[in-house]
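Hi,

Here is the structure I promised to pass on.

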Amino acid sequence: MLTAELAELFIKRYIQYIPYQINIMNEKGIVIASSDKSRIGSFHEVAYKILKTDNVMILTEHDVSNYIGVQYGVNSAILYHGEKVGVIGLTGNPYEVRDMISVLRIAMEQMLEYELGKNNDNYRGNLRTQFIHMLLYEDTAHTRSELSFLSTQLGYRTDVKRIPILITCSMDTQHDFTNELVQRCSGVSDQDIVIKLTIGQVLVFKSFPEMSDEALFNQYRKTIAGFLAPVLEAAYSRSNNTEDYLCSCFIGTFQNRLSYYRSSFNHCLWLQNQLDDTTKLLGVSDELFENSHASVYYFYDNIGRYVKNITPLPEFHRIYNAVAEKIDEEQTHRMIETLDTLQRHNYNMNSASQELGIHKNTLIFRFNKIKANFNINPVQNVADREFIEYLVYYLKTPK
């Protein structure tokens with residue numbers, strides 16, 4: 001099913017965008033394609049472990065010598081109709097490459113679906129399949145010209161602003177209700193582009209055809225909440241209200257050009273990839289979501305975190321290394337604890353001191369000491385706030 005030819009085609013298509021080594025293993029754990037030709041044909045023990053256990057992703061950061069044919073990086077299962085058919089991996093620092101693995105995995109699954117579907121009469125000439133593949137995974141001059149043509153054929157207006165909503169709900173192959181989610185999402189507007197990605201994942205490019213630019217940012221969150229609430233309530237009901245049920249929604253960025261939808265989708269995936277540490281993201285609470293048991297995250301609420309994430313650590317080192325060298329370990333811990341908490345509470349001393357479990361005056365004393373040491377006032381000065389926020393990020397990041 002997952003052939004070496006298809007795997008090689010995938011790597012050839014995407015290696016120009018990925019600065020890391022890509023490896024693709026078949027259902028036996030054998031490397032069938034790699035940007036490092038010397039690895040082709042070798043056995044990959046971690047891939048084999050993913051295929052034969054319940055693991056879907058494994059980070060290899062320590063003791064790689066204990067595994068056969070494995071290097072530092074991240075490996076993730078490739079699914080076809082819910083079944084593991086192979087593994088895709090990125091070689092490199094696992095904490096740098098893991099943000100890309102979800103993008104590559106979904107791209108590989110879509111390509112597999114598309115290529116296998118071309119041999120089926122039901123898929124041949126399927127304009128929508130071509131459109132979705134180009135929309136999410138290709139970025140060439142040819143693609144940009146084709147997207148406009150295909151969207152017109154499919155009845156999607158190109159002059160409409162849309163924002164992507166990635167809905168992810170926990171489910172397995174035995175309790176797969178993804179198609180029901182797709183149906184729920186599809187009945188609102190014929191200008192919404194609704195895409196089934198994989199089990200438990202639906203992507204909706206929500207359209208705002210009648211909303212003026214002036215009203216857009218005043219009303220779009222309410223519109224999204226109204227759109228999602230019945231979908232999420234139905235999903236929770238369909239899950240039989242199990243305790244381990246999880247559902248999250250990730251809202252990307254507005255786009256008015258089809259060629260930019262791929263970037264906006266990647267913004268959703270970036271949000272999703274941050275959930276291993278929920279303190280990295282700002283979520284929203286809304287009364288419309290109270291009964292849905294879902295978490296909702298907006299990219300626009302987390303732009304600062306995104307900029308930090310995509311900026312190479314060496315750049316922060318060049319900015320802050322001389323400053324950080326003068327701060328000892330105890331001071332570093334105290335600064336991170338104090339300023340992280342203040343930032344989360346928008347520098348509200350009362351609520352921040354309650355979270356820290358200290359008296360408000362103690363917190364004020366600590367904060368004033370930091371202000372004096374750096375001659376800053378982040379409460380009153382935006383530039384000072386940015387300076388200290390990025391300094392704390394640098395101090396927190398493993399070197």
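**Cavities, strands and rings**

There are two cavities of 30 Å³ or more in the structure. By cavity I mean a set of points, on a 1 Å grid over the protein atoms alone, where a 1.4 Å probe fits but cannot get out; lining residues have an atom within 4 Å of a point. Grid points are joined across faces, edges and corners, and a volume is the space filled by probe spheres set on the points.

Before you go further: this is a predicted model, where local features need pLDDT of at least 70 and side-chain atom pairs count only at pLDDT 80 or more, while totals for chains, interfaces and linings use all residues. Residues are numbered from 1 along each chain as its sequence is written, and side-chain values use heavy atoms, with hydrogens and water left out.

The largest cavity holds about 50 Å³ of space. Its lining includes Asn 23, Arg 39, His 44, Val 74 and Leu 90. Sorted by class, the lining has three nonpolar, eight polar and one charged residue. (Ala, Val, Leu, Ile, Met, Phe, Trp, Tyr, Cys and Pro count as nonpolar, Asp, Glu, Lys and Arg as charged, and the others, Gly among them, as polar.) Two strands, β4 (73-80) and β5 (83-91), each give at least two residues to this lining. Helices (H or I, at least four residues) and strands (E, at least two) are DSSP runs, numbered from the N terminus.

β4 and β5 pair in the antiparallel sense over eight bridges, where pairing requires DSSP to find at least two bridges between the strands. Tyr 80 has Glu 83 in β5 as its bridge partner. Two residues separate the strands in a hairpin, and in the turn His 81 has a positive phi of about 55°. β4 also pairs with β3 (residues 57-60), again antiparallel, over four bridges; there, Leu 59 has Val 74 of β4 as its bridge partner. Eight of the eight residues of β4 are buried, so the strand is largely enclosed by the rest of the structure. Buried means under 20% relative accessible area, exposed over 50% and partly exposed in between, with a 1.4 Å probe and protein chains only.

What is the volume of the second largest cavity? About 40 Å³. Among the residues that line this cavity are Met 134, Glu 138, Arg 144 and Arg 262. α4 (127-137) and α5 (141-154) are the elements that give two or more residues to the lining, and α5 has the largest share, with three residues. By class, this lining has four nonpolar, two polar and four charged residues.

Now the rings. The structure has 21 aromatic pairs. Rings of Phe, Tyr and Trp (its six-membered ring) pair if their centres lie within 6.5 Å; planes under 30 degrees apart count as stacked, over 60 as edge-to-face and the rest as tilted. Phe 10 and Tyr 14 have ring centres 4.6 Å apart and planes at 35°, so this pair is tilted. The two residues are four apart in helix α1 (residues 4-14), which means about one helical turn separates them. Phe 10 counts as buried at 0% relative accessibility, and Tyr 14 also counts as buried, at 4%.

One aromatic cluster is formed by Phe 208, Phe 217, Tyr 220, Phe 254, Tyr 298 and Tyr 300. Lys 206 lies over the face of Phe 208, 5.9 Å from the ring centre. Likewise, Lys 308 lies over the face of Tyr 390, at 5.6 Å from the ring centre. For this, NZ of Lys or CZ of Arg must be within 6 Å of the ring centre and within 35 degrees of the ring normal.

Cheers

How values were computed: 1 Å grid on protein atoms, 1.4 Å probe; cavity = no way out; pocket = protein on both sides within 12 Å on 5 of 7 lines; lining within 4 Å.
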